[in-house]
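User: Please take a close look at the aromatic rings in this model and explain how they pair.

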Amino acid sequence: MKLVLAPMATLSHEALRRAVARFGGCDEYYSEMIQAGTLLTGGPFEQYYITTGPEPEKIVWQITGPKPDALAGAAEMLGNIGGTGIDINMGCCAPDIVRSGAGIAWMLKPPAETAAMLKVVGDTVRNTAKTTGHPLRFSVKIRLGDEDFTDKGFFAFIDMLINAGVEQITLHPRTRKEKYRFLPRYEYVACLTEYLSRTAPECTVILNGAVCDAASARKAVQAAPAAAGIMIARAAVQKPWIFAELAGTLPDAIDLLETGLAFINDITVYQPPEFHKTRLQRFFTYYSDNVQFAHYLKTRLLNNPTPDGCRKILTEYFEQCPAEQYLKPGSPFFPAE
């Protein structure tokens, strides 16, 4: 079963990929959501969204936007860079994204409009693959839909995706307004895999939602055993070693200080100074939960989100709490399984 790093705004950049890769990596790394129109017009920071390290062949470019032509243009540009495939974000529920006509808005538009967009982008992906001679998968990431979704409407939407040549579907089985307090409806992942096994066996399904350790991964797989893979989001930020945990290849000990300092250094190399604050704050919001005094450490780091400030605070914390620097069997936060 494939293990996949999810697309996360301000998080799924090269610094996080390198943190994951230090523990053996994963099968695919989705990029941050790339705004198609901004990419095409050459925004000042777009170059930082399209770096490919440390494993360029495993990159999946996720694009979003309200206009089919811009999505197609971005797909062609990114396809020429390389990677595994092009993915359209059709599940983001952030209000500003939805208002712009992107994200889950594509699941709520008239079906003919969405179908036309998919055809334009899908044709571009396939033509780019032919031109470059490099395989390029066409995929989408979706939710169940709005709160009033029906099974009939959901599977009609799936049929439309297949007719447009979509080769992989990542399903986050929650509705537009369902937040993390609701458990994902994994039964829909199971139903989707069964449905596609009969109607489009060439299309694979990736499960996304609430997998944070080996135990939760087992529950997800038990609920949807035919899924081709698991996509992990926030848990991979808190624990860049989670893919090693699921693969059974955890090291004997995890040096929290070394991992944190390496991430900070990579931020300075692979992100512009204008992004340092938000990227450091987002990462340490989750990473700090690996220690006993998480709130104390998190508060200090988030209040001084500069590379030098975070280095100093992280080093001081482990000088004060040296027993917490290494996660190893028997320590409170080391994976139990």
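Analyst: Ring pairs link F23, W241, F263, F283, F284 and Y287 into a cluster, where rings of Phe, Tyr and Trp (its six-membered ring) pair if their centres lie within 6.5 Å, and planes under 30 degrees apart count as stacked, over 60 as edge-to-face and the rest as tilted. The model is a predicted one, in which local features need pLDDT of at least 70 and side-chain atom pairs count only at pLDDT 80 or more, while totals for chains, interfaces and linings use all residues. Residues are numbered from 1 along each chain as its sequence is written, and side-chain values use heavy atoms, with hydrogens and water left out.

By this rule the count comes to 15 aromatic pairs. One of them joins F45 and F275 in a tilted arrangement, 5.0 Å centre to centre with 45° between the planes. F45 lies in the loop between α2 and β4 and F275 in helix α13 (residues 273-287), so this pair ties together parts that are 230 residues apart in sequence; helices (H or I, at least four residues) and strands (E, at least two) are DSSP runs, numbered from the N terminus. F45 counts as partly exposed at 27% relative accessibility, whereas F275, at 10%, counts as buried (buried means under 20% relative accessible area, exposed over 50%, partly exposed in between, with a 1.4 Å probe and protein chains only).

F263 and F283 form a stacked pair, 3.7 Å centre to centre with 15° between the planes. Because F263 lies in helix α12 (residues 256-270) and F283 in helix α13, the pair ties together parts that are 20 residues apart in sequence. F263 is buried, with a relative accessible area of 1%, and F283 is buried with a relative accessible area of 1%.
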